[in-house]
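I opened the model to look up its fold, one of its helices and its pockets. My entries are below.

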Amino acid sequence: MFFKPIIYRSIEATLVKLYRLLRGLSQAELTERCGKKQGYISRVENGLNITRDTRITIACVLNIEPWQLCKPEMPLSELYEQVNHLDREFRKTRHLRKAKKKWKKNTRRRRRKEEGDAKNEPMG
């Protein structure tokens, strides 16, 4: 049986995360498209060995070739730096999306309440 050295596992995991972030996908969105569980994708991004079939599935969802998950196209230091930068940006935009969604929900709620108050007012 052949075991990958730790460094290759971490590179593969980092590349999965990099391409996921470049596509603007959350882990939940990736798992939905792959047909896997979110915990599984999380473990893949943390260094879990994956089968060839899973690698092909993830690569197809991310719109890349499967070999691109095995071999980085840039030096490792740049790869890790880019992933960290994209992760920070993705988290910021996710928080902004949540805040915008909450604001819209509160605005709709306020409008409904105002419309309800207007309907309940006696016509005079």
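Entry 1, basis. I am working from a predicted model, where local features need pLDDT of at least 70, side-chain atom pairs count only at pLDDT 80 or more, and totals for chains, interfaces and linings use all residues. Residues are numbered from 1 along each chain as its sequence is written, and side-chain values use heavy atoms, with hydrogens and water left out.

I looked up the secondary structure of the protein chain and found five helices and zero strands (DSSP runs, H or I of at least four residues for helices, E of at least two for strands, numbered from the N terminus). Of its 124 residues, 29% are buried (under 20% relative accessible area, with exposed over 50%, 1.4 Å probe, protein chains only).

I checked residues 27-34 and found Gln27, Leu30, Thr31 and Cys34 buried. Seen down the axis of H2, these residues fall within an arc of 100 degrees, so they line one face of the helix (the arc is that of the directions from the axis to the C-beta atoms). Glu32 and Arg33, on the other side of H2, are exposed. Gly35 follows H2 and has a positive phi, near 80 degrees.

Entry 4, largest pocket. Which helix gives the most to its lining? I found that H5 does, with four residues. H5 spans 76-120. Among the lining residues are Lys17, Gln27, Glu45 and Phe90 (lining residues have an atom within 4 Å of a pocket point, on a 1 Å grid over the protein atoms alone; a pocket is an open set of points where a 1.4 Å probe fits, with protein on both sides within 12 Å along at least five of seven lines).
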